[in-house]
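Notebook open. I wanted to look up the nonpolar core and the salt bridges here.

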Amino acid sequence: MADFMGMMKQAAQLQSKMQEMQAELDRIEVEGTAGGGMVTVRLTAKGEMKGIKIDDSLVKPEEKEILEDLLVAAHADARRKAETVMQEKMKSVAGGLPLPPGLKLF
């Protein structure tokens, strides 16, 4: 029974750490770039877009399609960085707990 109580305590600690991590992921921001820095997308580590910067040289009607493609590429770059941050945070939170292989917390 002591093992069960210990596991329950660890589960409660994990839940608390997860809540703290979720709040931290809302505060952490990453930037993705495309076109040699001509387009920048800023996201939270949870993937919420916070801003876009576009170099003035790209704002030409005949280059609209290029701009649209660069926005997609910059967002993808930022999203990959956000996922990396989230994975690192998950490792630090769950690092001490004996979780079964293949268990996904998100």
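I'm working from a predicted model.

Core. I looked up the largest nonpolar core and found 19 residues in it. Met18, Met21 and Val39 touch the most other members. Then I checked which elements give two or more residues: α1 (2-27), β1 (29-34), β2 (39-44) and α2 (64-94). The largest share, eight residues, comes from α2.

Salt bridges. I get eight in the structure. I went through three of them.

Lys46 to Asp26. The closest N and O atoms sit 3.7 Å apart. Lys46 counts as partly exposed at 33% relative accessibility, and Asp26 counts as partly exposed at 41%.

Glu68 to Lys64. Here I read 3.3 Å for the closest N and O atoms. Both residues lie in helix α2, four residues apart, or about one turn. Buried or exposed, Lys64? Exposed, since its relative accessible area of 52% is over the 50% cut-off. Glu68, at 38%, counts as partly exposed.

Asp77 to Lys81. The closest N and O atoms are 3.5 Å apart. These two are also in helix α2, and because they are four residues apart, about one helical turn separates them. Asp77 counts as buried because its relative accessible area is 16%, under the 20% cut-off. Lys81 is partly exposed at 34%.

Notes
Residues numbered from 1 in each chain as written. Predicted model: local features only at pLDDT ≥ 70, side-chain atom pairs only at ≥ 80, totals over all residues. Heavy atoms only, no water. Core = buried A, V, L, I, M, F, W, Y, C linked by side-chain atoms within 4.5 Å. Buried < 20%, exposed > 50% of the residue type's maximum accessible area, 1.4 Å probe, protein only. Salt bridge = Lys/Arg side-chain N within 4 Å of Asp/Glu carboxyl O.
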